[in-house]
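These are my notebook entries on a structure that I had not consulted before. I set down what I looked up, topic by topic.

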Amino acid sequence: MAGRVCPAAQARTAGGVDYTLTRRRVRNLNLRVRADGSVAVSAPARVPLAAVDAFVAAHAAWVASAVGRAQARRAAEAAEVLPPKAEALARMQALCAAYYPLFAASCPGGRMPRIAVRDMSTRWGSCSLRTGTLAFARRLCAMPPPAQEYVVVHEFCHFAHPDHSPAFWAAVAAVLPDYRARRALLRSGR
């Protein structure tokens, strides 16, 4: 963007928390724990370093808890036995082929979308309207079949409804009336 300077990240420690501070055009201090367990803070330029450090120190207990959850999630993912990518792709292609007839009219060009499997850690799936591709996380293959079916239907529904509007959720419910229970399986990991 013109006129926007890319901020340099600064490593800091406050309240026993190691974090990376980035100055951005934001209104408030933003504190987040990334999937890898690292801690990031973005702050407006006008907020003094002492105030940023005090903010981080005040949230040290929350950060410790969030870092613990991130580490547990990474350990669980590492312990998962995932199929090779080729096998995961074949599974997802077969599952998508089973549901495709319900969505053929809304698929780009009325054709079966291209199916891809990726090592995604923050999403179960994605839909690219531009390329007509449905991509799925390889770790989805470790989830129960009803959860896998939910993600496939969810992504197919994005061809007709690119957002998460009430119409989108109605389309998901029309195919999977129990989609909430299926989605809960993804959150519980079982």
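In which sense do strand 1 and strand 2 pair, and over how many bridges? I found that strand 1 (residues 9–14) and strand 2 (residues 17–23) pair in the antiparallel sense over six bridges. I took helices (H or I, at least four residues) and strands (E, at least two) as DSSP runs numbered from the N terminus, and two strands as paired if DSSP finds at least two bridges between them.

Before going on, I noted that this is a predicted model, in which local features need pLDDT of at least 70 and side-chain atom pairs count only at pLDDT 80 or more, while totals for chains, interfaces and linings use all residues. Residues are numbered from 1 along each chain as its sequence is written, and side-chain values use heavy atoms, with hydrogens and water left out.

Entry on the hairpin. Strand 1 and strand 2 form a hairpin with two residues between them. In its turn, G15 has a positive phi of about 60°.

I recorded an open sheet of four strands in the order 1-2-4-3, with mixed pairing. Strand 1 and strand 3 (30–33) stand at the edges with a single partner strand each, so one side of each has no neighbour in the sheet. On average, neighbouring strands of this sheet are turned by 30° against each other, direction ignored.

Entry on two helices. I noted that the axes of helix 4 (residues 145–157) and helix 6 (residues 179–188) come within 8 Å and cross at roughly 110°. Axes are lines fitted to C-alpha atoms, for helices over the stretch in contact, and angles run from 0 to 180 degrees between N-to-C directions. Helix 4 is therefore roughly perpendicular to helix 6, a term that covers 65 to 115 degrees. In contact (heavy atoms within 4.5 Å), P146, A147, E149, Y150 and V151 of helix 4 meet Y179, R182, R183, L185 and L186 of helix 6.

Entry on cysteines. I searched the whole structure for disulfides (cysteine sulfur atoms within 2.5 Å) and found zero. For C127, the nearest cysteine sulfur is that of C107, 8.3 Å away. C127 counts as partly exposed because its relative accessibility is 21%, where buried means under 20% relative accessible area, exposed over 50% and partly exposed in between (1.4 Å probe, protein chains only). C141 is in no disulfide, and the nearest cysteine sulfur, that of C96, is 10 Å away. C141 is buried, at 8% relative accessible area.

Technical notes: Angles under 35 degrees count as roughly parallel, over 145 as roughly antiparallel, 65 to 115 as roughly perpendicular and the rest as oblique.
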